[in-house]
Amino acid sequence: MDKSKRHAKITGDFGEYFVLYLLSKNSFECARIDYVGIDLYAKSNKTGKTIGVSVKTKTLNPKKPTQGIEIDSIERAKEACNVFGIEPYLAVVFDQGKYMTVIMFPVDKIDEFCSTSKTKIRLDLKPQALDKYKSHPEVYYMRLRIEDNTFCSK
């Protein structure tokens with residue numbers, strides 16, 4: 001599929017706004033910020049908990065292996081959140097063609113949810129893993145189904 005030259009930037013911005021939507025829908029006051037390591041700042045209206053969120057957006061191609069998330073980016077999120085005295089979270093937005101999925105969880109749960117190598121982490125997207133994310137009390141999960149992935153072609 002041909003994509004625009006700015007597709008990567010647009011995809012990243014979309015991922016951040018998608019997570020803002022999810023947070024807002026779950027009673028968080030939130031803002032998109034420009035700080036090394038975190039993209040979003042949010043405070044729960046229910047609990048008062050304040051978090052910093054690093055958002056990673058991935059377009060998955062079934063013909064190619066997925067790229068992981070650099071562990072260095074997780075370390076930068078931890079450092080940024082330490083500056084503000086807030087809890088670091090990771091939100092990963094996956095464009096899977098027919099679905100847009102966001103999985104957000106505390107960074108200290110990476111070992112529970114991700115496989116890790118020396119330099120990268122990877123989330124499992126198999127149905128059994130998705131069920132685990134959905135039922136976990138510390139995970140924010142949303143999946144949108146895209147009914148028709150075509151756009152008018154003129």
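Is lysine 46 buried or exposed? Lysine 46 counts as exposed, because its relative accessibility is 67%, where exposed means over 50% relative accessible area, buried under 20% and partly exposed in between (1.4 Å probe, protein chains only). This is a predicted model, in which local features need pLDDT of at least 70 and side-chain atom pairs count only at pLDDT 80 or more, while totals for chains, interfaces and linings use all residues. Residues are numbered from 1 along each chain as its sequence is written, and side-chain values use heavy atoms, with hydrogens and water left out.

Let's stay with lysine 46 for a moment. Lysine 46 is found in the loop between strand 2 (38–44) and strand 3 (50–59); helices (H or I, at least four residues) and strands (E, at least two) are DSSP runs, numbered from the N terminus. Its C-alpha atom is separated by 6.8 Å from that of serine 27, 19 residues apart along the chain.

**Charged pairs**

Side chains of opposite charge can pair when their charged atoms come close. Taking a salt bridge as a side-chain nitrogen of Lys or Arg within 4 Å of a carboxyl oxygen of Asp or Glu, the count comes to ten. Here are some of them:

| Salt bridge | N to O distance |
|---|---|
| Arginine 32 and aspartate 13 | 2.7 Å |
| Glutamate 138 and lysine 109 | 3.2 Å |
| Glutamate 112 and lysine 109 | 3.9 Å |

Arginine 32 is partly exposed, at 34% relative accessible area. Lys9, Asp13, Glu16 and Arg32 are linked in a network of salt bridges. Glutamate 16, in helix 1 (residues 7–25), counts as buried at 12% relative accessibility. Beyond its neighbours within four places in sequence, glutamate 16 is in contact (heavy atoms within 4.5 Å) with Arg32, Asp39, Leu40 and Val55.

**Nonpolar cores**

In soluble globular proteins, nonpolar side chains tend to be buried together. A nonpolar core here is a set of buried Ala, Val, Leu, Ile, Met, Phe, Trp, Tyr and Cys residues joined through side-chain atoms within 4.5 Å. The largest has 19 residues, and Leu90, Ile103, Phe105, Leu123 and Tyr133 have the most contacts inside it. Strand 5 (87–95), strand 6, helix 3, strand 8 (120–123) and helix 4 each supply at least two residues of this core. Another core, of 18 residues, lies apart from it and has Leu22, Ala42, Val55 and Met100 among its members.

**Aromatic rings**

The structure holds six aromatic pairs, for which ring centres of Phe, Tyr and Trp (its six-membered ring) must lie within 6.5 Å; planes under 30 degrees apart count as stacked, over 60 as edge-to-face and the rest as tilted. Phenylalanine 14 and phenylalanine 18 are stacked, because their ring centres are 5.7 Å apart and their planes are at 25 degrees. Both lie in helix 1, four residues apart, about one turn of the helix. Phenylalanine 14 is partly exposed at 40% relative accessibility, whereas phenylalanine 18 is buried at 5%. Phenylalanine 28 and tyrosine 140 form an edge-to-face pair, 5.7 Å centre to centre with 80 degrees between the planes. That pair links strand 1 and strand 9, its residues being 112 apart.
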